[in-house]
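Trainee: Hi, I'd like to go through a structure with you. Could you bring it up?

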Amino acid sequence: WHFVRDTKLIAKGCTRPQLSEMLIPLDDITLSTWAALLVKIATLKYKGTGLPGQKLTKLLTQHILHNSKQMEMDSFRKSIYTDKVQGVLAEYNTVVTNIFKQYSELKGGIQSMTKSMYDRLLHDIHITDQACTNYIFDEIFKQIQDPDDPSEDLIFHEFWECIVTVAAVKRPEPYLPLYQRVKHFLESWLIPPFKLLKGGTEPSKRRQKRHK
């Protein structure tokens, strides 16, 4: 009920008694139960036309992500800098660095990535879907920013933090170690669109044509 209150779900057409009917029979909520529950709440809240996925996206963007208490970024950053996650970066360091360079520019002697180039990268790897929306990736970009840095661009270590966070969002299984989710993201999403090989980079023909 703390979650219901924080996300301001109760409204006309989605009342406390209606939500109680969904929640009270549940003793424990597993990840799969939680996902099914969100779909039911979205269907209840947004009656009428629209696919279930569209209703769920609307619930996530307008209520849950907007109103719920956000993850403490300092705590999450600690998980990014564990030996195993950093080991994945070390394994793919050349590839990840080359991708960063392709989507960044030198400003004042520092290589940095603008928001527009961050958006272009996500577009090029076709990462967005009904669950992982542009809104979510925009929030990741904002949360990763160093509060003491007036620049809105990403330097390399912030880019790496974005990659890890996107990987965690793309595969939200809580029992799968973060380093495995990051490795899967690199091998299945980030690398293939550019035909990258460990230790080198070969941009796709589609990207080469766009820059001619």
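Trainee: How much accessible surface does the protein have, and what share belongs to carbon and sulfur atoms?

Mentor: The accessible surface comes to about 12,500 Å², and carbon and sulfur atoms hold 57% of that. Areas here come from the Shrake-Rupley method with a 1.4 Å probe, and for residues only the protein chains shown count as cover. Bear in mind that this is a predicted model: local features need pLDDT of at least 70, side-chain atom pairs count only at pLDDT 80 or more, and totals for chains, interfaces and linings use all residues. Residues are numbered from 1 along each chain as its sequence is written, and side-chain values use heavy atoms, with hydrogens and water left out.

Trainee: Thanks! What share of the residues is buried?

Mentor: Of the 212 residues in the protein, 40% are buried. Buried means under 20% relative accessible area, exposed means over 50%, and partly exposed is in between (1.4 Å probe, protein chains only).

Trainee: And how many helices and strands are there?

Mentor: Twelve helices and two strands. Along the sequence the pattern reads α-α-α-α-α-α-α-β-β-α-α-α-α-α. Helices (H or I, at least four residues) and strands (E, at least two) are DSSP runs, numbered from the N terminus.

Trainee: Let's talk aromatics. How many aromatic pairs does the structure hold?

Mentor: Four aromatic pairs. One of them is F100 with F156, an edge-to-face pair at 5.5 Å centre to centre with 80° between the planes. Rings of Phe, Tyr and Trp (its six-membered ring) pair if their centres lie within 6.5 Å; planes under 30 degrees apart count as stacked, over 60 as edge-to-face and the rest as tilted.

Trainee: Where do F100 and F156 sit in the chain?

Mentor: F100 is in helix 7 (residues 93-102) and F156 is in helix 10 (residues 156-170), so the pair links distant parts of the chain, 56 residues apart. F100 counts as buried because its relative accessibility is 3%, whereas F156, at 24%, counts as partly exposed.

Trainee: What about F100 and F159, how are those rings arranged?

Mentor: F100 and F159 form a tilted pair, 5.3 Å centre to centre with 40° between the planes. F100 lies in helix 7 and F159 in helix 10, so this pair ties together parts that are 59 residues apart in sequence. Both F100 and F159 are buried. Together, F100, F156 and F159 form one aromatic cluster.

Trainee: Which lysines have their charged end over a ring?

Mentor: K115 sits over the ring of F141 with its charged end 5.8 Å from the centre, and the charged end of K170 sits over the ring of W189, 4.5 Å from its centre. The rule asks for NZ of Lys or CZ of Arg within 6 Å of the ring centre and within 35 degrees of the ring normal.

Trainee: Switching to helix 11, which residues are buried there?

Mentor: In helix 11 (residues 178-190), the buried ones are L178, R181, V182, F185, L186 and L190. Down the axis of helix 11 they fall within an arc of 135°, so they line one face of the helix. That arc is taken from the directions from the helix axis to the C-beta atoms.
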